[in-house]
Amino acid sequence: MTEKHTIMIADDDADIREVVKILLESDGYSVVTASDGEEAVQKAGSDIDLYILDIMMPVMDGLECCRLLKADNATCHIPVLMLTAYALDDQRIQGYRSGADAYITKPFNTDVLCARVENLI
């Protein structure tokens with residue numbers, strides 16, 4: 001990877017945020033974190049290359065966060081990957097309808113996550 005891409009991780013679970021952050025930083029990415037969707041939207045910008053959002057978060061969930069990011073001209077082109085414990089097809093459909101570009105369920109395989117991140121960027 002020649003250019004250092006920036007990824008935002010929004011998850012209310014500090015352990016998940018840290019594990020994913022370490023994983024992505026070891027692959028050469030720069031990582032910004034948020035503990036809920038509202039914080040993610042506040043930190044959002046065109047300098048982010050990918051958003052990784054949990055669905056179930058306090059204050060603002062990942063679905064609403066995704067809808068807001070996709071509705072904003074400054075961030076609508078940036079891919080969103082949902083990383084969530086919601087595994088049912090109906091929940092996955094909700095994620096895609098909110099604008100998500102990819103959907104991975106927890107617990108996740110780190111190789112699959114890294115491959116999807118690389119593919120989306």
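This is a guided tour of the structure, one selection at a time.

**Before you start**

The model is predicted, so local features need pLDDT of at least 70, side-chain atom pairs count only at pLDDT 80 or more, and totals for chains, interfaces and linings use all residues. Residues are numbered from 1 along each chain as its sequence is written, and side-chain values use heavy atoms, with hydrogens and water left out.

Buried means under 20% relative accessible area, exposed means over 50%, and partly exposed lies in between (1.4 Å probe, protein chains only). Areas come from the Shrake-Rupley method with a 1.4 Å probe, and for residues only the protein chains shown count as cover. Helices (H or I, at least four residues) and strands (E, at least two) are DSSP runs, numbered from the N terminus.

**Stop 1: a negative patch**

Select Asp12, Asp13, Asp15 and Glu18. Together they form a negative surface patch. A patch takes residues with over 30% relative accessible area and no salt bridge; like charges are joined within 9 Å, and nonpolar side chains (Val, Leu, Ile, Met, Phe, Trp, Tyr) within 5 Å. Asp and Glu count as negative, Lys and Arg as positive; His and the chain ends are not counted. Each charge is placed at NZ of Lys, CZ of Arg, CG of Asp or CD of Glu.

Asp13 sits in the loop between strand E1 (6-10) and helix H1 (14-26). Its relative accessibility is 34%, so Asp13 counts as partly exposed.

Move to Glu18, in helix H1. Glu18 is partly exposed because its relative accessibility is 41%.

**Stop 2: salt bridges**

Side chains of opposite charge can pair when their charged atoms come close. A salt bridge here is a side-chain nitrogen of Lys or Arg within 4 Å of a carboxyl oxygen of Asp or Glu. How many salt bridges does the structure hold? There are six.

Begin with Lys21 and Glu25. They form a salt bridge, with the closest N and O atoms 3.8 Å apart. Both residues lie in helix H1, four residues apart, about one turn of the helix. Lys21 is partly exposed at 25%. Glu25 is partly exposed too, at 38%.

Next, select Lys43 and Glu39. Their side chains meet in a salt bridge of 3.0 Å, N to O. Why are Lys43 and Glu39 separated by about one helical turn? Because they are four residues apart in helix H2 (residues 37-43). Lys43 is partly exposed, at 37% relative accessibility. Glu39 is partly exposed, at 23%.

Then go to Asp101 and Lys70. In this salt bridge the closest N and O atoms are 3.0 Å apart. Asp101 lies in the loop between helix H4 (89-97) and strand E5 (102-105), and Lys70 lies in helix H3 (residues 62-71), so the pair ties together parts that are 31 residues apart in sequence. Asp101 is partly exposed, at 35%. Lys70 is partly exposed, at 23%.

Finish this stop with Asp11, Asp54 and Lys106. A network of salt bridges links them.

**Stop 3: cysteines**

A disulfide is a pair of cysteine sulfur atoms within 2.5 Å. By this rule there are zero disulfides. Select Cys65 and Cys66. Cys65 is in no disulfide: the nearest cysteine sulfur, that of Cys66, is 7.3 Å away. Is Cys65 buried or exposed? Cys65 is buried, because its relative accessibility is 0%. Cys114 also counts as buried, at 13%.

Leu83 is in strand E4 (residues 80-84). Leu83 is buried, with a relative accessible area of 2%. From C-alpha to C-alpha, Leu83 and Cys65 are 13 Å apart in space, and they are 18 residues apart in sequence.

**Stop 4: backbone exceptions**

Most residues other than glycine have a negative phi, and most peptide bonds are trans.

Select Val59. Val59 has a positive phi of about 70°, although it is not a glycine. Val59 is in the loop between strand E3 (50-53) and H3. At 63% relative accessibility, it counts as exposed.

Last, select Lys106 and Pro107. A cis peptide bond joins them, with omega about -5°. Pro107 is in the loop between E5 and helix H5 (110-120). Look back at Lys106 here: it also belongs to the salt-bridge network with Asp11 and Asp54.
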